[in-house]
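This briefing is for a reader who is new to the structure shown below.

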Amino acid sequence: MIILCGFLKIKLVRKMLTGNNWKDRSQACDIMAKWGKKSDLRRLRTIASTDAYSYFRRRNRIFPVRDMCRKAAGRVSMR
């Protein structure tokens with residue numbers, strides 16, 4: 001992994017939020033929970049309500065990216 005300064009890390013993570021891989025989007029939300037700012041709330045809330053990736057577990061539909069971004073938005077808003 002490339003070591004980047006703080007601003008470049010956040011900029012890269014913001015790009016990951018719109019990536020094609022659901023695992024990258026989920027990881028980006030996790031990182032934003034730790035390092036995101038109030039200005040990122042709109043982006044996190046949008047993804048938390050619109051991300052399309054899902055799978056079924058025991059007849060329940062799971063949205064892992066939505067769940068992770070919802071948690072991230074909650075953590076950022078509490079700061």
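A polar contact is a pair of N or O atoms within 3.5 Å; within protein, one must be able to donate a hydrogen and the other to accept it, and residues adjacent in sequence count only if both atoms are side-chain atoms. The model is predicted: local features need pLDDT of at least 70, side-chain atom pairs count only at pLDDT 80 or more, and totals for chains, interfaces and linings use all residues. Residues are numbered from 1 along each chain as its sequence is written, and side-chain values use heavy atoms, with hydrogens and water left out.

**Arg25**
- Arg25 lies in helix 2, residues 22-35 (helices are DSSP runs of H or I, at least four residues, numbered from the N terminus).
- With a relative accessible area of 9%, Arg25 is buried (under 20%, using a 1.4 Å probe and protein chains only).
- The side chains of Arg25 and Asp51 form a polar contact of 2.7 Å.

**Nonpolar core**
- A nonpolar core is a set of buried Ala, Val, Leu, Ile, Met, Phe, Trp, Tyr and Cys residues joined through side-chain atoms within 4.5 Å.
- The largest one has 16 residues, and Leu17, Cys29, Leu44 and Cys69 have the most contacts inside it.
- Helix 4 gives the largest share of this core, 5 residues.

**Helix 3 and helix 4**
- The two helices pack at about 150°, with axes 7 Å apart (axes are lines fitted to C-alpha atoms over the stretch in contact, and angles run from 0 to 180 degrees between N-to-C directions).
- Helix 3 is therefore roughly antiparallel to helix 4 (angles over 145 degrees).

Definitions and conventions. Buried means under 20% relative accessible area, exposed over 50%, partly exposed in between (1.4 Å probe, protein chains only). Angles under 35 degrees count as roughly parallel, over 145 as roughly antiparallel, 65 to 115 as roughly perpendicular and the rest as oblique.
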